[in-house]
Amino acid sequence: MATPFSDTSLSPLKTIAVVGLGTMGTGITEVLARSGREVVGIDISEAAAARSVAALESSTARAVERGRLTGQERADLLARVRTSTDLAAAADADLVIEVAPESYEIKQQIFRELDRVVRPEAILATGTNALSVTRLAADSARPERVLGMHFFNPAPAMKLVEVVSSVLTAPQAVAAVTDLALELGKEPVAVGDRPGFVADGLLFGYLNQAAAMYEAKYASREDIDAAMRLGCGLPMGPLALLDLIGIDTARTVLEAMYAESHDRLHAPAPILKQLSEAGLTGRKAGRGFYTYEAPGSGTVVRDALTPLDGDTLAPGRPVRSVGVAGSGTMASGIAEVFAKAGYEVVLAARSEEKAQAAKARIGKSLSRSIDKGRLTAEAAARTLDRIRATGSYDDFADVDLAVEAVAEELSVKQQLFATLDKVCKPGAVLATTTSSLPVVACARATSRPQDVIGMHFFNPAPAMKLVEVVRTVLTADDVHATVHEVCVKIKKHAVDCGDRAGFIVNALLFPYLNNAIKMVQEHYASLDDIDAAMKLGGGYPMGPFELLDVVGLDVSLAIEKVLHREFRDPGLAPAPLLEHLVAAGCLGRKTGRGFREHARR
């Protein structure tokens, strides 16, 4: 029979048992022991317990070498940890944290045995990231004392802890575990019980989409990973991250998510099953999406899929001068990039006044670079001298490369490409910087579709290293080669992708942002908790709602609609909350209000 909860029934969480001494269990043990807690590490395998102790001794020895612990502090820490192969060793624990394999059968067996062993007032926490906390609690004799405490790997370094309550969990248990997380120096976020919780719930859908993108041979593994690192500032690309997490683990999480959501975005990509069943589970196996030096190593080695060194493309066309069409932030940023690299640039807009304003913006940008010591005054002056501002596209007559950076409206771009077709010399490469529209539609507005290609820069263009190179089914090989050569000269990292909505970055980024909006819409977690979870648990430089407000909710909605229209996946339909905010004129920072309030600029 369950023990009733009273305000006085909780004892301080001083003695804590950790069940399961793999990588995560060992990391949690170290975090607890560092905070002064007495820790009982329990594993059915004596060898696993011994490895855990050895890992603790090794990590704390490194901490001493680096001056983060004294010898005495290390000795005291290790003295606070004891291990056992018997669950009865948890008898005196105030809290038990279970981090056994992701299996209901295994976890339920552990919880049933713990029910018989631990004191009535003890709290039982599961470290699952994929299974239902409610289902585990319902099978316990004390469901009001069962909750989730989801640490992230590596536990000593990662700040996030998701505290997961079910409909059965007593608020006092949640409060006690939240207080513990704070005392451990972690940042707890409160979430409800659904597979993946917040961080993994958003992360694994994105990882799954990346795996499906690779499986469809839409882009290489290297280009997918480079695109997300350089285009979104992520610490790792999605396929490398899947190898680190374990492809079998990712498949388990996604299957649990799909069982609940029935969202096709969560249905595991077939390649995850193929790799898992072949034993190619990532770093731990020495091979997954990439091949590694040895099982457990993080060092990637060449394999049959590794791109050849050096330029294997056909020779490109000579490019000495560049035309940039547009007068907005992106156009001026791209013009600055080309001028810095030594190209003569014609910056054309719909009027001389707009063109001069865009050139003035470049001047201010160069001045900031001088102030920050990134550029000399002489180099800035030479850069600005290379840019000729004009109110007529007729001045593109002699450019070798014309780059369009006007409004993200297909009719506007097609009209401009028809103009470029008339004014640009034969053999000039015509590029569009569209982030979501079909490049081939721009190409078909010309009489030379073979000369048209996508060159998607990221904002701010002078700072962002990525360019998505988008070739259509009509693009000539030497045009593709030309753009790659130009990217090298302007010091950008080019990734190849086909002419499909969202290319690489937006096709992976915006469904993730949309899913975050759905979480808030369904009152599953708060804006602040979701942003914190993705920054602390996923290594994202910005939380999804911070990013949405920066990008602009109207821009985000437009991209979501393009993705939904092209792929026709119900899971890609824009969240109604996003549509409502845009309809209300709440577009983010630029209007002073989006998901949050902002000071007007």
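1. The model is predicted: local features need pLDDT of at least 70 and side-chain atom pairs count only at pLDDT 80 or more, while totals for chains, interfaces and linings use all residues. Residues are numbered from 1 along each chain as its sequence is written, and side-chain values use heavy atoms, with hydrogens and water left out.

2. D43 sits in the loop between strand 2 (38-42) and helix 2 (46-65); helices (H or I, at least four residues) and strands (E, at least two) are DSSP runs, numbered from the N terminus. D43 is buried but has no salt bridge, and R51, the nearest side chain of opposite charge, is 6.9 Å away. Buried means under 20% relative accessible area, exposed over 50%, and partly exposed in between (1.4 Å probe, protein chains only). For charge, Lys and Arg count as positive and Asp and Glu as negative, with His and the chain ends not counted. A salt bridge is a side-chain nitrogen of Lys or Arg within 4 Å of a carboxyl oxygen of Asp or Glu.

3. A polar atom of the D43 side chain lies 2.8 Å from the backbone nitrogen of L21, and the backbone nitrogen of S45 lies 2.9 Å from a polar atom of that side chain. Leaving aside residues up to four places away in sequence, D43 touches G20, L21, G22, A48, S84 and T85 (contact means heavy atoms within 4.5 Å).

4. The whole structure holds 30 salt bridges. One of them joins E30 to R34, with the closest N and O atoms 3.1 Å apart. These two residues are four apart in helix 1 (residues 23-34), so about one helical turn separates them. E30 is buried at 8% relative accessibility, whereas R34 is partly exposed at 37%.

5. R221 and D303 form a salt bridge at 2.7 Å, N to O. This pair links distant parts of the chain, 82 residues apart: R221 is in helix 8 (residues 221-232), and D303 is in the loop between strand 10 (300-301) and strand 11 (321-325). R221 is buried at 2% relative accessible area; D303 is partly exposed at 22%.

6. Helix 17 (residues 477-489) has 13 residues. Its buried residues include V479, H480 and C487, and the buried residues of helix 17 pack against elements including helix 12 (329-340) and strand 18 (493-498). D477 forms a salt bridge with R471, the closest N and O atoms being 2.7 Å apart. D477 is exposed at 52%.

Notes. A polar contact is a pair of N or O atoms within 3.5 Å; within protein, one must be able to donate a hydrogen and the other to accept it, and residues adjacent in sequence count only if both atoms are side-chain atoms. The expected span of a helix is 1.5 Å times one less than its number of residues.
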